[in-house]
Amino acid sequence: MAGILDLLNSDLGKNIISGVSGSTGTDQSKTSSVLTMALPVLMKAMERNASTPEGAAGLMSALNTKHDGSILDNLGGLFGGGVDDNVKDDGAKILSHVLGSKQQGVEQVIGQKAGLDSSSVANILKVAAPILMGVLGKQASQNNVSSQSDISGLLGGLLGGSKTQNEQSFLEKILDADCDGSVIDDVAGMVLGGDNKSTGGIGGLLGGIFGK
């Protein structure tokens, strides 16, 4: 199964990046950086939420109904006339549900790395979150996902499994950082390229991804 970062490098991913950039008025390369960092974080958070039977059932229900992948069938229409407020409202709800109290901290950290303020990151994620759910919905349908272990396997596969252990550590640290305003200090060394020793070289890994 292709990973989520492979998706962003595909034609579909380029269309998503271009569309999100245009609809939020954000530079395309910065939009790409935000999505490359944020989508794995969102998926890791979903994976953790789906580790309980209730969380898995809730996610599967969403993927079987509202987020079944149909949003991907008309991206031109989605982005062409400006993204509908209903889509952004839906995105805001997804982010709040998936990230909970960690949302503000995650947006701050990603903004620091991408060179954007956190409100710009939030705007990008509000548009991208329903699209990510659509990607998951389509994958769930194609892979006949019907149980908690199925959904965990799907998310793990898209995250790249054990091959991306360093990235997993990075995602865990972002999501576990407290959100009392010091989250930047908690993970700044890791995200901004310092303190590689304690993060398994994740600073270098991200530097390679984002060209910093």
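Reader: Which helices each supply at least two residues of the lining of the second largest cavity?
Author: Those are α1 (4–9), α3 (28–49) and α8 (118–142). Helices here are DSSP runs of H or I with at least four residues, strands are E runs of at least two, and both are numbered from the N terminus. A cavity is a set of points on a 1 Å grid over the protein atoms alone where a 1.4 Å probe fits but cannot get out, and lining residues have an atom within 4 Å of a point.

Reader: OK, back to the cavity. Which helix gives the largest share of the lining?
Author: α8 does, with four residues.

Reader: What's its volume? And how many cavities are there of 30 Å³ or more?
Author: About 50 Å³ for this second largest one, and the structure holds three of 30 Å³ or more. Volume means the space filled by probe spheres set on the grid points, which are joined across faces, edges and corners.

Reader: Tell me about I4. Buried or exposed?
Author: I4 sits in α1 and counts as buried, because its relative accessibility is 3%. Buried means under 20% relative accessible area, exposed over 50%, and partly exposed in between (1.4 Å probe, protein chains only).

Reader: What does I4 touch?
Author: Leaving out residues up to four places away in sequence, I4 touches L39, P40, M43, L132 and L158. A contact is heavy atoms within 4.5 Å. I4 and P40 are 36 residues apart in sequence, yet their C-alpha atoms are 7.0 Å apart.

Reader: Why call α3 largely enclosed?
Author: Because 16 of its 22 residues are buried, α3 is largely enclosed by the rest of the structure. It reaches 31 Å from first C-alpha to last, close to the 32 Å expected at 1.5 Å a residue; that expected span is 1.5 Å times one less than the number of residues.

Reader: And α9, which residues are buried there?
Author: I151, L154, L155, G156, L158 and L159. Just after α9, G160 takes a positive phi of about 100°.

Reader: Which non-glycine residue has a positive phi?
Author: N144 is one, with phi near 50°. N144 is in the loop between α8 and α9 and counts as exposed at 61% relative accessibility. Most residues other than glycine have a negative phi.

Reader: Switching topic: how many helices and strands overall?
Author: 12 helices and zero strands. Of the 212 residues, 48% count as buried.

Reader: Where does pLDDT stay under 50?
Author: Over residues 179–212, for which the model has 52 contacts beyond four places in sequence. pLDDT is the predictor's confidence in each residue, from 0 to 100. The protein averages 80, and 75% of the residues score at least 70. Where pLDDT is low, the predicted coordinates should not be read in detail.

How values were computed: Residues are numbered from 1 along each chain as its sequence is written. This is a predicted model: local features need pLDDT of at least 70, side-chain atom pairs count only at pLDDT 80 or more; totals for chains, interfaces and linings use all residues. Side-chain values use heavy atoms; hydrogens and water are left out. On a 1 Å grid over the protein atoms alone, a cavity is a set of points where a 1.4 Å probe fits but cannot get out, and a pocket is an open set with protein on both sides within 12 Å along at least five of seven lines; lining residues have an atom within 4 Å of a point.
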